[in-house]
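Hi,

Here is the structure I said I would pass on.

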Amino acid sequence: MPIDAVTGGATALTPEAAASEFLHSLAKPAHILVAVSGGSDSTGLLIALAERLKSYPHENITLTAATVDHGLRAAAADEALEVAALCAARGISHFVRRWEGEKPETGIMAAAREARYALLAGLAFDISADVIVTAHTLDDQRETMVMRAARRAQGAYGTGIADAVLFDRRIWIMRPFLACQREDIRAYLKTHGVPWLDDPSNEDVKYERVRTRMDLARQPVAEPPADGGADRAALSRRAAAWFDDHVAIHASALCIIDRSGLSADEAVVAYALSYLSAAFGGRTYGPARVQMERVLEFVNGAKSGRRTAGGVVFDLRRDALYLMRECRNIVAVSVSPGEKGNWDGRFEIANSGSAPVVVSASGAENATIFPANLPKGVVQRARAAMPSIAPAGSSGAAAVALLPYLAPFDRFLTRFDLTFADRLSVAFGREAYRRLPLSAL
């Protein structure tokens, strides 16, 4: 898939062309799991892929479909059956997964998205699929760019949807139709005599996306400019090179950036500092824009001192900038035997012992984990926010595996940020992220 496919200003592709382009780029052999809700976009994606493979059966590609019933509408179960019937008629294996349990009262769309990807990733593991594909379109891209721009108040458009996202370090989710227009997909389905379902939530104005879609329909706009996908990927590469030259990480608890690195390209420094702050703060996103601007102003200043943003201490000294988790608001976590947990958004804990354990910020006892020449105050603050593991209410040694967790990347990682994320992962003692399942980029 070319990088143009992720840009809002990309030339629109027909469904046939998009399907062919994606299948051609895929590493073979391959097993594709297609997420199909029954709507026009996902149905069009499934049919376009199936028709392309029917014409070229030598491609050594297996196609499987899955429908997620979020349990939010009574009609969803019947809709899943209709998708199953469509797949059966075309000889495509189909699975249904249901989001069980209580649903949140707020943030339902984000929670449903998280649940959907988790269910699809679990199914992909069960059936040994190599990639999940979803049917985001050029229309979705426009809407997303407008919504993100409105939230960030930066120009007319914001950064758009990526064509590929790594979920949970496990599997890539790709979007072959990101350069296709919805009207073209529906025309394609009509040509092939394939009906689709209309989700009533697509007309519910309580959702921001629906309101944005309606606004765009009433006030057509010119093609938005490219959303910066290629630019962001290039920025990620430059930031990775900057990281190699100027950054050291110790014990997954202390980041040291030499002063010369702070005077490098402002865009590179801002990008890297934002993600480093998110990683050390255990947060999915870096500091808010206004906060980040203040941080950059501080680190570019001549005076030494400390600032705090996003739960991270920025300690500027004559020789270097030191980053570490602020030792506040760190909640202890109990992990039962045989269970896994996450502590402070910074560490994954796996308890293989016979007793519960408690992970808290009691500080590391061994000071030798840090170089001896570091400032004592820096080491003390870094140690104070490190994990301490103890059995809960019982004696004996804990049998616990502890792994650094990179909050900005480990759940959702766009391919735009892959190069920098790889550098960070290795620096934290983790392996590089899973490669894209493509034969050519």
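Ser-277 sits in helix α9, residues 266-281 (helices are DSSP runs of H or I with at least four residues, strands are runs of E with at least two, both numbered from the N terminus). Ser-277 has a relative accessibility of 1%, so it counts as buried (buried is under 20% relative accessible area, exposed is over 50%, partly exposed is in between, with a 1.4 Å probe and protein chains only). Its contacts, neighbours within four places in sequence aside, are Pro-287, Ala-309, Val-312, Phe-314 and Leu-323 (contact means heavy atoms within 4.5 Å).

Before you go further: this is a predicted model, where local features need pLDDT of at least 70 and side-chain atom pairs count only at pLDDT 80 or more, while totals for chains, interfaces and linings use all residues. Residues are numbered from 1 along each chain as its sequence is written, and side-chain values use heavy atoms, leaving out hydrogens and water.

Next, Ala-248, which belongs to strand β7, residues 247-250. Ala-248 is partly exposed at 30% relative accessible area. Not counting residues up to four places away in sequence, Ala-248 touches Leu-254, Cys-255 and Ile-256. Between Ala-248 and Phe-428 there are 9.8 Å in space, C-alpha to C-alpha, though they are 180 residues apart in sequence.

Now a helix pair. Helix α2 (residues 40-55) packs against helix α6 (residues 182-191) at an angle of about 60 degrees, and their axes are 9 Å apart (axes are lines fitted to C-alpha atoms, for helices over the stretch in contact, and angles run from 0 to 180 degrees between N-to-C directions). That makes α2 and α6 oblique to each other (under 35 degrees is roughly parallel, over 145 roughly antiparallel, 65 to 115 roughly perpendicular, and the rest oblique). The crossing of α2 past α6 is left-handed, meaning that the near helix is turned anticlockwise from the far one by less than a right angle. On the α2 side the contact uses Ser-40, Asp-41, Thr-43, Gly-44, Ile-47, Ala-48 and Glu-51, and α6 brings Arg-182, Ile-185, Arg-186, Tyr-188 and Leu-189. By class, the contact of α2 with α6 has 5 nonpolar, 3 polar and 4 charged residues (Ala, Val, Leu, Ile, Met, Phe, Trp, Tyr, Cys and Pro count as nonpolar, Asp, Glu, Lys and Arg as charged, and the others, Gly among them, as polar).

Which residue forms a salt bridge with Asp-41? Arg-182 does, with the closest N and O atoms 2.9 Å apart (a salt bridge is a side-chain nitrogen of Lys or Arg within 4 Å of a carboxyl oxygen of Asp or Glu). This pair joins α6 to α2 across 141 residues of sequence. Arg-182 is buried at 16% relative accessibility, and Asp-41 is buried too, at 12%.

The whole structure has 25 salt bridges. Among them, Arg-169 and Asp-410 pair at 2.9 Å, N to O. Arg-169 is in the loop between β5 (164-167) and β6 (171-174), while Asp-410 is in the loop between β17 (400-404) and β18 (412-414), 241 residues apart. Arg-169 is buried at 15% and Asp-410 is buried at 2%.

Asp-422 and Arg-435 also meet in a salt bridge, at 2.4 Å, N to O. Asp-422 is in helix α12 (residues 418-427) and Arg-435 is in the segment after α12, 13 residues apart. Asp-422 is buried at 12%, whereas Arg-435 is partly exposed at 46%. Finally, salt bridges with shared partners tie Glu-114, Asp-168, Arg-170 and Arg-411 into one network.

Cheers
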